[in-house]
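Visitor: I would like to go through this structure with you, one topic at a time. Shall we begin?

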Amino acid sequence: MILIGSQRGGASQLASHLMNDRDNDHVTVEELRGFLADDLHGALSEAHAIAKGTRCKQFLFSLSFNPPKNADVSIDGLREAADRAEDLLGLGEQPRAIVIHEKNGRRHAHVVWSRIDADEMKAINLPHFKSRLGGLSKDLYLEHGWELPEGHRENGWKSPLNFTLAEWQQAKRLDLDPREIKQIFQGCWQQSDGLNGLRHALEEHGYFLAKGDRRGVVALDIHGEVYSVARWTGVKTKELQARLKGHEALPAVDDVSKNIRSRMSQRLRAHIQEDRQKQREEEKPLLTQRASMVAAQRAEREQLARRQEQRLRAEQKQRAQRLHTGIRGVWELLTGKARAIRKQNEQEAYQGYLRDRDQRERVYAEQAKERKEIQQRMDALQAKHREERMRLARRVVEVLRHTDEAARMKARAMRLRERGHDLDLGL
C-alpha cells in the first residue's frame, strides 16, 4: 500500500481534517493509545500540551495507509501495517491515534503519533523516514500479492501521480480530477524536448505557457486558472529551466490571461459553461443516491454502536458481581479464587471485544458491497466526463487557432490594401 508520512504541528487543524465527514462517507476513530482523552481533538491537544515543554514545533508524525483500489484490507491488516511502521521508525510505545476513512467505496487509514518522549522531554528523531517507508510499502505490496504501481516501478517508490492538498483543491474548483491534470502535464513533458515542444503539447490540451513570478514557468487554462509547470510535471525547477531555454521571453500571466479572454467569444464561453453544467446535472442522481445511502449506513452503524455499548455495560456489571467484598472477598483472595475470577473476566472481556469487532466488520463488508455498486457507476460516468472535457479542450484550441489565423489573414489583407492605396497615390 502507498505510505505517505510527514512531520507536522497543527494538532487542532489535523484533528479537524481527519474527522471531516463531509468528504468521507464514514470516519471512525479506531484507536487512541497512550492518551487520557477519549476523542481525537483531545488526544492531539494532549500531544501539543506536552510538546510545549520542548522546542519541537513538528511534534506529530502523520502517516496515511492507502491500499490499492480493488484491495479489501481488514482493520487488523491496517493496524498491523501501523505496528510495522512504528517499529521501523522507532515510534513504538509512543501515543498514537488510528482513524479509518471510507470514501469512494474504499477504506484507508491515517495514523498519528506523538514524537515527544515524555520521559526525556525531547522529540524522537526520524532520519530517512521516506526511504524507510518506501521499503515497507514495497514489502506490503509483495506480501499481499498486489500489482506494483507503474509509477513505483519507474520512479523508485514515489508515485508520479501523488498530489498535494493545494493541487487537489485547485483541480476541485474546476470539477477536474487532479490525477487527470497531472497525467496531461507529465505526458506533455515526456514528449517534448524544449520550450516550443512543451508549448504546442500543452496547447493541444487547452493549457498556455506564461512567465510566472521569480522567473518560474506556469500554464493557464481557458478559465484563467494558473498551474505551476514544475509542480504538475513533478520536475525540479533547475531541470525545467535547463530544458526550456528562452522561457524568460514568455509573456506574463496577465497578458496571456487577457489574450485568452479576447480570443474566446461569448458563445464559446457559454458553450463551456453549459458543458460543465450538463455534467453536474448528470452526476446529481448518483450523488443524491450516494448521500441517501451514506445517511442510512451511518444510522445503521450508530444503532449497532448503541447496542454494543449497552451489552458491554451489562457484561461488565455481570463480571464485576463475581468479585466479592468483605470476608468472602478476603477468603477468595487467600484461596486464589479471586485470581481465577479475574482471569476469567479478562478472557470474556477480550472475547467480547473480538465479537464486537467482527460484528462491525460484517456490517462494513455489507455496506462496502452496496457502496461499490454505486462507485462503479460513478467511475464510469466520470470517465465519460473526462473524455468529454478532453474533446472540448481540443475543440477550444482548434477554435482559438482558427481565430488567430483569421486575425492574421485580416491584418495581412489590410496591409496589402494600404500598400495598394499608397501605390495609387504615387507614393
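**Strands, pockets and cavities**

Guide: This is a predicted model. Strand β4 is mostly covered, with 7 of its 8 residues buried.

Visitor: Which way do β2 and β4 run, and how many bridges join them?

Guide: They run antiparallel, and 7 bridges join β2 to β4. Within this pairing, T28 stands opposite I100 of β4.

Visitor: And how many bridges join β4 to β5?

Guide: There are 8 bridges between β4 and β5, and these strands also run antiparallel. K103 has R106 in β5 as its bridge partner.

Visitor: What about the hairpin of β4 and β5: how many residues lie between the strands?

Guide: The hairpin has 2 residues between the strands, and N104 takes a positive phi near 55° there.

Visitor: Let me turn to R107. Is R107 buried or exposed?

Guide: R107 lies in strand β5, residues 106-114. Its relative accessibility is 9%, under the 20% limit, so R107 counts as buried.

Visitor: Which polar atoms does the side chain of R107 meet?

Guide: A polar atom of the R107 side chain lies 3.0 Å from the backbone oxygen of V73.

Visitor: Leaving aside neighbours within four places in sequence, what else is R107 in contact with?

Guide: With those neighbours left aside, the contacts of R107 include P67, D72, S74, I75 and L78. I100, H101 and E102 are also among them, as is Y364.

Visitor: Now the open spaces. What volume does the second largest pocket have?

Guide: The second largest pocket has a volume of about 1100 Å³. Its lining is made up of 34 residues, and T28, V29, A305, Q308 and R360 lie nearest its centre.

Visitor: Which elements supply at least two residues each to that lining?

Guide: β2 (26-33), β4 (96-103), α12 (266-320) and α14 (337-424) each supply at least two residues to the lining of the second largest pocket.

Visitor: How does that lining divide by class?

Guide: The lining of the second largest pocket has 17 charged, 12 nonpolar and 5 polar residues.

Visitor: How many cavities of 30 Å³ or more are found in the whole structure?

Guide: The search finds 3 cavities of 30 Å³ or more. The largest cavity has a volume of about 80 Å³.

Visitor: Which residues lie nearest the centre of the largest cavity?

Guide: Of the 13 residues that line the largest cavity, E102, G105, R106, A368 and R371 lie nearest its centre. R106 is also the residue already named as the bridge partner of K103.

Visitor: Which element gives the most to the lining of the largest cavity?

Guide: α14 gives the most, with 4 residues. β4, β5, α12 and α14 each supply at least two residues of the lining of the largest cavity.

Visitor: And the classes there?

Guide: The lining of the largest cavity divides into 7 charged, 4 polar and 2 nonpolar residues.

Visitor: One last topic, I50. Why does I50 count as partly exposed?

Guide: I50 lies in helix α2, residues 40-51. I50 counts as partly exposed because its relative accessibility is 37%, which falls between the limits of 20% and 50%.

Visitor: What is I50 in contact with, leaving aside its neighbours within four places in sequence?

Guide: Apart from those neighbours, I50 is in contact with I116 and M121. I50 and M121 are 71 residues apart along the chain, and their C-alpha atoms are separated by 8.1 Å.

Definitions and conventions: Residues are numbered from 1 along each chain as its sequence is written. This is a predicted model: local features need pLDDT of at least 70, side-chain atom pairs count only at pLDDT 80 or more; totals for chains, interfaces and linings use all residues. Side-chain values use heavy atoms; hydrogens and water are left out. On a 1 Å grid over the protein atoms alone, a cavity is a set of points where a 1.4 Å probe fits but cannot get out, and a pocket is an open set with protein on both sides within 12 Å along at least five of seven lines; lining residues have an atom within 4 Å of a point. Grid points are joined across faces, edges and corners, and a volume is the space filled by probe spheres set on the points. Ala, Val, Leu, Ile, Met, Phe, Trp, Tyr, Cys and Pro count as nonpolar, Asp, Glu, Lys and Arg as charged, and the others, Gly among them, as polar. Buried means under 20% relative accessible area, exposed over 50%, partly exposed in between (1.4 Å probe, protein chains only). A polar contact is a pair of N or O atoms within 3.5 Å; within protein, one must be able to donate a hydrogen and the other to accept it, and residues adjacent in sequence count only if both atoms are side-chain atoms. Contact means heavy atoms within 4.5 Å. Two strands pair if DSSP finds at least two bridges between them.
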